[in-house]
Amino acid sequence: MKQRQYINGLMALAVASVIFIVPFVYIFLMAAKTKQQASTLDFSWPQEWHFWANLVEVVQTRNYMLLLAYFNSTVITVGAVTLLVLFGAMVGYVLQRRPSAASRLVFGFVIAGLMIPPAVVPTIWVLQGLGLFKTLTGMILIQVAYGLSFSVLLFRSFIATVPRDLDEAALIDGAKPWQIFYRVVLPLLKPVTVTLIVVQSIAIFNDFTNPLYYLPGKENVTVQLTLFNFQSQFQSQFNLLFMNILLVTIPPLIVFIFFNRQIVAGMTAGAVKG
Amino acid sequence: MSARQRSPYPYWFIAPAAAIYIALFLVPTIASFWFSLTRWDLFTTEFIGMENFRQFLKEPQLINGLVNTVIYAVLTSGTKTVIGLLLAVLLTSGLYAQGFLRTVIFFPVLVSTIGVGITFFELMHPTKGALNLGLAAIGLPKVGWLTSPSLALYSVALIDLWKGVGLATLIYIAGLASISPDYYEAARIDGATRIQQFRRITVPLVRPATITVVTLSLISGLRSFDLIWATTKGGPGFSSDVLASVIYKQYQAGFYGLSTAGNVILFLLIAVLVLPLTLWMNRTEADQ
Amino acid sequence: MTKPIHSLALASAMALVGNLAAADVTLSVLIDNNAETITAFDALTAAYTAAHPDVTFETEQRPGGADGDNIIKTRLATGEMADVFVYNSGSLFQALKPEQTLADLSALASQANVVDSFKPVVTSQDGAVRGIPFGAAMGGGIYYNIPLYKELGLSVPHTWAEFMANNAKVAAAGKVAVAQTYGDTWSSQLFVLADFYNVLQADPNFAADYTANKAKYATTPAAMQGFAHLEEVFKAGNLLNPDFGAAKFDDGMHMVASGEAAHYPMLTFGLGTIKQNYPDLVNDIGFFAQPGEDAAHNGLTVWMPSAIYVPASSKHMDEAKGFLDFIASVDGCNVMIKAIGATGPYLIKGCELPADVPPSVADMLPYFQTAGLTAPALEFLSPIKGPSLEQITVEVGTGIRSAADAAALYDQDVEKQAKQLGLPNW
């Protein structure tokens, strides 16, 4: 049994490595090549290692645009995810704890939010009306609006596993609704919160269509927009293009490796009741 | 405790989220439904009733796009569900290097769609791509992954599977972990084979996770746009066009009314396919 | 690459200051991210700031193609356009609702410098001129590899039959006869669009009839030819590069410049890519107009360059106009020639091309020097251009759809555009 597991494991490891790692190796090798060698697109070892030179060149392109993009993307991601966790948990909490016609209606809107593709131009008008167009604040709120449905669904199903006795005990102790939520329930949601943070921050960090529409302006560039912009500029410089892909993939990779254990723990703890 | 007067779960908890949702999602959406009844060039609107819907349904690419949308959504969500479950079972069976494998399978989820699109466009290049060079090396013919009209849609679905199966696996791993080991213990005592255990215990008990995976992947499959746009742009010709890319092309061409009409149609399609599933999901949950 | 990062602070500071201080103005500029456009604009803005230290620039780039169209329209519609921007002339310009969104530049002093043939393609339906030319006029035709032509003893074809005969010889020599690059779908339209000179020879009223919904591609034999040529090249079976479905514009230019391919149908701005990426190959490519049926009527389909516009919403109208006056002057033109050279004649009176232009440009100039040897592309004579042409031509060029079917489908495709523009008779 032990040996069979070992062999199976090795085989799975080999297959998974080929399927899931090879494309990353490809990105990495391409990012290290010279322009000439990269243009052949083949899967080969770099004849000369230009990794550092390529990195410097990509970072310096257009007045260090990439660094500004990192900054903006980080602000948007952190801001939006914070609000998504807080507001998503509050809505999920009420929807789960208080079954009523009103809750069902709200739930219907949550599902609709998952299904309806956003309407770009009217959204821009609203943002302009609120003075939030072309601002990071506006972008954060857009990401919150678009990500809420997923957050609510996830929290709602997770809160089902938090025993009601806890809220009632706190209530009897004279806690106010806000205190029950903030002091009693929210801390228990940590596992699913971690999951949500990872999933949403990856989605928001990697989003490119929404910043393209709602966040024009040179000073507002985000990392995925740099990739989009560089795609045509680097058309004949695949080494730089792939270096750019590599650079914009690193932050999510770090978040993931950092939170890896908690993610599975968070989902395991019962996030998938529905 | 009189819940009627003072619930410990006040509705105002919904208020901040609702404010953002209403202002930035609901209002624009309702406005866009109105625009779908107009000829709209962003500057002026002219009410034309159902003309846009008629025009959109007349689009030569549309039927093809509708069929492709359904094929793509069913294919990606089906394969993600099946392969995700199998991988999850494999990765909870105490394999060697299990933790590492779990991490690796999730890696593609982390890469942005554009990044994946660019990478696979080159890997699937018909003459220079690593995939075809690999096939050629073992004596197989080269394949027009993204350039053959009969294959392009399936190649994109394959990339989607590669990118998305990690998330499905993760959800399943979590779902499997919540199944009590007692069931398997009892089954083993009764002499059930591993395949029987899988069919009789794992599949039914992991159903909440299945519903999550199917719903999320079906919706994202039906709305899928980014990956198709980053790889084939709906081509060659119109052969990998889906509803979302047809809509986007109308938008790009400046047919804003037509494009919003397409959005409404897409919404209806999703509702028709997904709503029954969601209702069923809620009912089963209420039953528990 | 010299300025350190300080954009955030700077941008907000400038936003505060911008409206208050009239003396120091920062003009925002939106250009496409084509390497030549960027180089040219860097040179133009630097030269202008050197002469007018009170005006500085903040340049922003956008993607090209349909994504770019989208951004331009959205930003104009929402009043968020930069003070100065570059965009296509002709039918795409008309789709911007120029009467409402763009400033009237008829009274601009430098309009006197602009070649008259350019003005119609930036004139809105109310008769106001709303742009100035940016860059050189382009020809649509076929690039060929000069060393390969010499090696195989070929001569420049003047009829389509001669062209196909050349192709057969190239293929027999084991080279790619025609490079096609459907990885960039727009590049698939060339055989159709660049055939328009030939269409006009057979049917001089085609553009007007087409706009009036009287002539159709599918029912006009001369107009069908472009689609038929595209089909013929595919059906010959051995003429195209094997990766034609995935190759991109840049690959196509490289193939024809390096001699891997003999021909590449393209607009003459393609030379810019060769200059930028493979400068030592510049003298290896030549250019000829897409040949028609009759050698006696051999001429070039011409594309007007993009134009520079000022949105009606600009807060720095006077400064923007001053900058445009500079661009449309002989000095401005010379700054551009110095920065990016010449890929064709500039449309500024008195702006002479340097004597030592590359062969492909030299091949193109004679068409301009004789009256009647050039004709504008259809998109400069009619506001109607169907959005799906590039997908349809990919279909024809890939053998998915027949030429006849494609022409009929395209006729159907343009209907939407005509209705959207509110043209009579549709």
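**View 1. Within strand 8 of chain C, C:F287 is the bridge partner of C:Y143.** This is a predicted model, so bear with some ground rules: local features need a pLDDT of at least 70, side-chain atom pairs count only at pLDDT 80 or more, and totals for chains, interfaces and linings use all residues. Residues are numbered from 1 along each chain as its sequence is written, while chains are lettered from A and ligands numbered from 1 in the order in which they are written. Helices (H or I, at least four residues) and strands (E, at least two) are DSSP runs, numbered from the N terminus. Strand 8 covers residues 285-289 of chain C, and strand 5 (residues 138-145) of chain C pairs with strand 8 in the antiparallel sense, over 5 bridges. To count as paired, two strands need at least two bridges found by DSSP.

**View 2. Strand 8 of chain C has both of its faces covered.** On one side sit C:I285, C:F287 and C:A289, on the other C:G286 and C:F288, and all are buried. Buried means that 20 or more other C-beta atoms lie within 10 Å of the residue's own; 12 or fewer makes it exposed, anything in between partly exposed, and the C-beta atoms are placed from the backbone. Why is strand 8 of chain C called largely enclosed by the rest of the structure? Because 5 of its 5 residues are buried. As for the two sides, side chains in a regular strand alternate between the two faces of the sheet.

**View 3. Chain C is assigned two stretches of domain, domain 1 (20-130 + 306-340) and domain 2 (138-303 + 362-420).** Such bounds come from an automatic or database domain assignment. The centres of domain 1 and domain 2 of chain C, taken over C-alpha atoms, are 29 Å apart. Where they meet, 8 residues of domain 1 are in contact with 9 residues of domain 2 in chain C; contact here means C-beta atoms, placed from the backbone, within 7 Å. On the domain 1 side, helix 2 (35-51) and helix 4 (91-94) of chain C each bring at least two residues. That side has 3 nonpolar, 4 polar and 1 charged residues. For the classes, Ala, Val, Leu, Ile, Met, Phe, Trp, Tyr, Cys and Pro are nonpolar, Asp, Glu, Lys and Arg are charged, and the others, Gly among them, are polar.

**View 4. Chain B meets chain A through 74 of its own residues, in contact with 73 residues of chain A.** Several helices of chain B each supply at least two residues to this side, including helix 4 (98-110), helix 7 (152-177) and helix 10 (207-223). Helix 1 of chain B gives the largest share, 12 residues. Sorted by class, this side of chain B has 52 nonpolar, 17 polar and 5 charged residues. In chain B, confidence is highest in helix 1 (residues 15-35), at 92, and lowest in helix 13 (residues 256-287), at a mean of 77.

**View 5. Chain B also touches chain C, with 27 of its residues in contact with 25 residues of chain C.** Helix 12 (residues 243-252) of chain B contributes the largest share of that side, 3 residues. The class count for this side of chain B is 12 nonpolar, 10 polar and 5 charged residues.

**View 6. The largest nonpolar core holds 293 residues, and A:M90 is among the members that touch the most others.** A nonpolar core is a set of buried Ala, Val, Leu, Ile, Met, Phe, Trp, Tyr and Cys residues joined through C-beta atoms within 7 Å. Helix 3 (residues 51-97) of chain A gives the most to this core, 19 residues. Domain 1 and domain 2 of chain C both give residues too, so the core lies between them. Neighbours within four places in sequence aside, A:M90 is in contact with A:F181, B:F13, B:I14 and B:A17.

**View 7. A:F43 sits in the loop between helix 2 (35-38) and helix 3 of chain A.** Is A:F43 buried or partly exposed? It counts as partly exposed, because it has 18 C-beta neighbours inside 10 Å. Not counting residues up to four places away in sequence, A:F43 touches A:Y26, B:A130 and B:L133.

How values were computed
pLDDT = per-residue confidence, 0-100. Contact = placed C-beta atoms within 7 Å.
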